[in-house]
Amino acid sequence: MFGKVAREYIMNDIRLVDITKENWETICWLGPGKEGREFVASNGFSIVQSVFEEGWMIKGITRGDTYIGFTMYGYAQELEGYELCRFMIDYSEQGKGYGQKALSMIIEEMIKQFHCNKIYLSTAPNNSRGKHIYEKYGFKPTGKICGDGADTEDIYCMEL
C-alpha cells in the first residue's frame with residue numbers, strides 16, 4: 001500500500017507515513033491551492049531541505065489510501081527548540097477536518113519522539129487563516145519574528 005513504511009501513526013483513518021522512493025513524487029504534487037501557495041514552501045523543496053539540513057523529519061499525511069498532506073518537523077537551531085516547520089493539507093482535502101486531526105497527530109509524535117515541552121512554528125504575518133487554526137489549537141504568538149526583509153514570519157509557541 002505505501003511501500004516499505006517503517007512506522008505509521010494512525011488516528012481514525014488519518015495516518016502519518018514515511019516518505020519513501022515509492023511515494024515521494026505523489027507527495028511532491030500535493031499543494032495548498034492558490035490562496036495558500038504564498039504561505040507554504042513546496043513539498044519538493046522541503047524534502048530536499050530535509051536531506052541537506054540535519055534534524056528534520058518528513059512525513060506524508062494520508063486518509064485511507066489517499067495522500068492528502070505533508071509535514072516537516074524537528075529541531076530548529078535558530079529557535080533553540082522543536083518546530084513544526086511545514087504543515088499542509090492538499091487543496092482538494094481542505095475544509096473536511098483532516099488538518100485538525102493531522103495536527104494533533106504531528107504534535108503527539110513530536111512529544112513522543114523528542115520529549116519536548118514546547119513546540120514552535122512560524123507563519124507569514126498576513127496568514128490570517130493559518131493563525132486562526134494555530135491559535136485555536138493552542139499556539140500563542142511570542143511577539144518575536146524570524147527571517148528578514150519581506151520574508152519575515154511571526155513566531156508562535158505552544159507550551160505543553
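Predicted model: local features only at pLDDT ≥ 70, side-chain atom pairs only at ≥ 80, totals over all residues.
In helix H2 (residues 43-52), the buried residues are Asn-43, Ser-46, Ile-47, Gln-49 and Ser-50. Because they cover an arc of only 160° around the axis, these residues lie on the same side of H2. They pack against helix H1 (24-29) and against strands S3 (56-63), S4 (66-76) and S5 (81-89). Val-51 and Phe-52, on the other side of H2, are exposed.

Helix H3 comprises 17 residues (residues 98-114), which at 1.5 Å a residue should span 24 Å; its end C-alpha atoms are 24 Å apart, in agreement with that value. The buried residues of H3 include Tyr-98, Ala-102, Leu-103, Met-110 and Phe-114. His-115 follows H3 and has a positive phi, near 55°.

Five salt bridges are counted. In one of them, the side chains of Asp-18 and Lys-59 meet at 2.3 Å, N to O. Asp-18 belongs to strand S2 (residues 14-18) and Lys-59 to strand S3, so the pair ties together parts that are 41 residues apart in sequence. Both Asp-18 and Lys-59 are buried.

Glu-109 is buried, with a relative accessible area of 3%, whereas Lys-112 counts as exposed at 53%. Elsewhere, salt bridges that share partners join Arg-63, Glu-93 and Lys-96 into one network. Glu-93 is buried at 9% relative accessibility, and Lys-96 is partly exposed at 46%.

Definitions and conventions. Residues numbered from 1 in each chain as written. Heavy atoms only, no water. Buried < 20%, exposed > 50% of the residue type's maximum accessible area, 1.4 Å probe, protein only. Helix = DSSP H or I, 4+ residues; strand = E, 2+ residues; numbered from the N terminus. Arc of directions from axis to C-beta. Contact = heavy atoms within 4.5 Å. Expected span 1.5 Å × (residues − 1). Salt bridge = Lys/Arg side-chain N within 4 Å of Asp/Glu carboxyl O.
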